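Morning, everyone. Let me put the structure up, and then we'll go through it piece by piece.

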Amino acid sequence: MNPLTRQDLANFAAQPTPDPTEWIRVQLDTGGIAAGAETVYVALEQALAEQHRGCELLRTGSVGYSFADPVVEVQAAGMPRVHYGALTPELAPTLLSEHFGAHRLLDDHVIASRRRGLVLDATVTHVLVGDTGAADGNKSEFLQFSFREELKRRGLADRVQVVRALDLGIYDEGAVVQLLPSAVTYTNVLAHDIARIVTESIDGGRVIDDLLWKMPDKQVRIVLRHCGEVDPDSLEDYLGRAQGYQALAKALFTLTPEQVIAEMKVSALRGRGGAGFPTWMKWQLTRAQPSAQHYVICNGDEGDPGAFMDRSVLESDPHTVLEGMMIAAFAMGASMGYFYIRAEYPKAVERIQRALDQARERGLLGRNILGSGFDFDAKIRLGAGAFVCGEETALIASIEGRRGSPSPRPPYPSVRGLWGMPTAINNVETLAIVPAILLRGGAWYASHGTETSRGTKVFAVTGKVRNAQLVEVPMGTTLREIVFDVCGGVLDGKEIKAVQTGGPSGGVIPTPLLHTPVSYETLQQLGSIMGSGGMLVMDQSDSMVDVAKFYLRFCVDESCGKCAPCRIGGYQLQQVLDRISRGRGAPGDLALIHRICHAMQKASLCGLGQTAPNPVLSTLRYFGEEYQAFIEGGPSYARKMSRVASVATTAAKPPADAGSATRSPIPVKEVSP
Amino acid sequence: MISNLNLETQGQPEAAPASAPLSKPSTKNSLAPAPFPKVALIIERHGRKPARLVPILQEVQEEYRYLPPDILSYVARSLNIAPARVFGVATFYAHFAIKPKGKHLVRLCDGTACHVKDSVPILDAIRFRLGVTEAQPTTRDLLFTVETVACLGACGLAPVLVVDDQVYGAMTPEKALAVLESVREQERKEPSP
């Protein structure tokens with residue numbers, strides 16, 4: 001294939017490839033595939049052939065609705081564009097005949113649109129209903145029935161279909177109704193409102209103001225802007241539909257490296273890997289080093305348990321990350337880049353590799369890119385299962401083929417990095433933002449977020465949460481909003497106890513502090529960190545001592561053993577915690593914990609050791625009474641607690657399992673243990 | 001012998017744009033036949049660069065399912081680096097196994113999300129059923145190796161079990177055992193090589 005030229009890109013910008021009129025996008029990321037998205041894809045392919053439908057079957061990454069995997073998005077002529085979740089291969093023929101043939105949506109599988117409308121600009125064809133209220137019996141079926149009866153009475157039953165939704169994106173607001181295709185959404189709908197909605201809105205086309213949900217969606221998708229929209233395996237799709245490589249062309253032909261860095265400075269983007277170092281400054285420092293060779297590294301060693309945003313971005317939108325890396329390289333004068341990706345993410349590796357091959361084939365990598373004189377190439381290096389390699393100097397050691405032990409800084413990698421050359425290491429998310437900043441301007445990006453933390457941040461919300469998913473919100477959104485408004489609160493209607501941020505390097509934030517707006521500084525003040533963006537929700541049945549032990553064990557396992565504070569301190573800390581949790585703690589143990597933690601924070605060589613005490617210290621700070629109870633209660637209390645925990649877990653086996661069992665990739669046989 | 005072939009590579013930065021060929025095909029050692037031809041090929045493919053030690057070991061492990069000591073020494077000789085360095089790297093990273101692993105790798109995610117959704121009872125059940133422990137993770141018939149892994153990034157499906165490359169979500173002890181049973185059943189019917 002011919003190498004791309006500047007003119008080609010200008011043509012793509014002037015004339016984006018139009019969407020096909022009818023398509024189905026199957027979201028095939030690791031999560032989706034594990035839930036059976038590949039089998040759904042195959043079933044859809046078969047059904048399309050059998051039913052002779054001309055709709056295009058497309059592959060994309062994940063839009064982030066992990067709770068509803070496998071997810072597909074469907075566009076049919078004369079139908080609202082919708083996401084279907086929790087699909088099975090068996091449903092494929094029905095989905096096609098209903099959606100494309102009968103123009104009807106499937107009950108219990110539609111995910112309501114988050115782009116809620118405020119005006120009824122089109123005739124209502126479908127009504128999504130759902131009960132988001134308290135747990136005393138689900139009223140969705142009653143709602144559906146009442147709506148149908150009312151529509152029949154008015155003679156509209158043929159024109160409008162009433163559908164039970166899988167998820168409405170609004171929680172604890174009673175009965176919620178969304179009118180498609182305009183996505184006008186009503187909340188707290190009561191029985192007597194139904195007649196009004198049918199007369200006024202569905203028949204009359206007027207919005208009922210006192211029921212209307214006016215709040216804009218809390219999510220702002222910048223990093224995830226193409227996730228679930230573009231085909232991660234297709235350069236053409238990225239170029240044609242997603243303005244791909246336009247930011248690179250802009251940088252190469254209209255900006256100097258200094259201007260790129262200046263734009264990044266305006267955007268005030270800070271590193272999304274956790275530490276929050278200003279990205280422009282990192283680039284500036286690296287650029288300023290006189291050297292024949294500079295390197296740029298994309299840190300995709302997402303080792304924090306519970307974090308999967310980097311995986312999702314790499315899998316769903318690999319070309320954007322590559323484009324971001326190329327812009328970074330241009331700004332710093334680097335001609336070589338590395339993707340350092342965990343080997344646990346085979347799908348991400350595969351897609352980045354394909355992206356690199358495609359880019360190389362079309363002359364986007366190599367010499368004289370787009371005829372600009374800029375040379376750049378990139379390679380992949382696989383992590384080999386060491387958490388510490390997320391640390392910059394350890395990561396470099398690993399690429400150089402050595403043990404991934406960190407070394408003291410300074411010198412920082414921007415001065416002496418890979419092979420002793422100046423190197424900038426940027427997180428996946430950071431690089432994914434870069435093209436957006438260049439296209440839309442640093443000021444636009446900086447208009448999101450708070451004074452010190454600009455822009456948006458992606459969080460992977462998991463644990464005891466109703467809708468585990470990827471969430472992208474502006475900095476300054478509160479934890480409560482993220483957990484309750486976006487993700488629907490705690491699983492099974494239980495009481496929330498705490499939210500853990502930052503993984504093994506972070507801490508817990510108790511319920512009374514959930515109103516805290518999320519930013520680098522506020523989380524740090526609470527004894528936690530932003531980290532890479534894992535957010536774990538815990539309910540009242542979770543023991544904080546157990547959580548602290550879990551994270552500490554992780555850090556002890558992952559300590560590289562180079563420096564004593566981390567190696568010995570971690571081990572000793574673990575011994576003390578273990579003693580306490582067995583009810584054998586001594587009264588002086590809490591003070592001892594503080595002393596060890598302090599030593600580790602002060603004297604450890606790298607971030608792993610310095611932050612390893614955070615989970616312990618923060619649980620101690622907010623849930624000290626749980627530790628105290630173990631110490632005072634003695635072994636009998638400890639035994640009781642472990643019994644309670646095991647009873648709680650067996651009792652908590654939710655009937656929700658039944659639903660997910662049907663989605664498990666293999667037929668499950670009952671086997672007695 | 002082999003070790004003299006490539007002295008220039010230690011710690012040398014890799015060439016910048018990849019349009020340049022990765023490595024020149026190095027001169028064939030005509031004297032002694034390589035004791036591990038497959039390993040020799042892997043090393044050759046990586047241009048005998050010590051910097052490529054990690055990817056080399058990854059590929060060797062893929063071939064042998066673990067890293068036998070003889071091969072580690074052979075890699076060290078071929079790359080002209082100290083065996084201690086190769087052993088150091090091989091023991092540092094969690095992915096490398098010095099002992100033979102089972103035919104089927106059973107990995108249970110014990111990431112945070114899976115942990116709070118009760119992955120530990122699943123692990124206990126699997127270990128009990130297969131008669132393995134943390135210290136002795138491989139079954140005697142070398143059919144299964146049971147490991148925990150920090151996080152697989154499929155937290156929406158927690159708890160997650162991975163057998164070889166197949167991911168199973170929303171596991172319970174019963175379901176996990178059923179998965180293993182089906183693998184064993186498959187083995188009984190038509191043993192894979």
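Start at A:Gly583. Just after α20(A), this glycine takes a positive phi of about 80°. Keep in mind that this is a predicted model: local features need pLDDT of at least 70, side-chain atom pairs count only at pLDDT 80 or more, and totals for chains, interfaces and linings use all residues. On labels, residues are numbered from 1 along each chain as its sequence is written, while chains are lettered from A and ligands numbered from 1 in the order in which they are written.

Helix α20 of chain A covers residues 564-581, which is 18 residues. Helices here are DSSP runs of H or I, at least four residues, and strands are runs of E, at least two, all numbered from the N terminus. From first C-alpha to last, α20(A) reaches 25 Å, close to the 26 Å expected at 1.5 Å a residue. That expected span is 1.5 Å times one less than the number of residues.

Which residues of α20(A) are buried? They are A:Pro565, A:Cys566, A:Gly569, A:Gly570, A:Leu573, A:Leu577, A:Ile580 and A:Ser581. They cover an arc of only 105° around the axis, which puts them on the same side of α20(A). The arc is taken from the directions from the helix axis to the C-beta atoms. Buried means 20 or more other C-beta atoms within 10 Å of a residue's own; exposed means 12 or fewer; partly exposed is in between, with C-beta atoms placed from the backbone. A general point on spacing: an α-helix has 3.6 residues a turn, so residues three or four places apart point the same way.

Next, helix pairs. Axes are lines fitted to C-alpha atoms, for helices over the stretch in contact, and angles run from 0 to 180 degrees between N-to-C directions. Helix α19 of chain A, residues 544-558, and helix α23 of chain A, residues 614-622, have axes that come within 8 Å and cross at roughly 170°. That makes α19(A) roughly antiparallel to α23(A). The cut-offs: under 35 degrees is roughly parallel, over 145 roughly antiparallel, 65 to 115 roughly perpendicular, and the rest oblique. The crossing of α19(A) and α23(A) is left-handed, meaning the near helix is turned anticlockwise from the far one by less than a right angle; clockwise would be right-handed.

Who touches whom? On the α19(A) side, A:Met544, A:Val547, A:Ala548, A:Tyr551 and A:Leu552 meet A:Pro615, A:Val616 and A:Thr619 in α23(A). Contact means C-beta atoms, placed from the backbone, within 7 Å. Also in α19 of chain A is A:Asp546. With 18 C-beta neighbours inside 10 Å, A:Asp546 counts as partly exposed.

The crossing is right-handed.

Last, chain B. It has 7 helices and 4 strands. Buried residues make up 41% of its 193 residues. Among contacts between residues at least 6 apart in sequence, 62% join residues at least 24 apart. That's the tour.

Technical notes: Contact = placed C-beta atoms within 7 Å.
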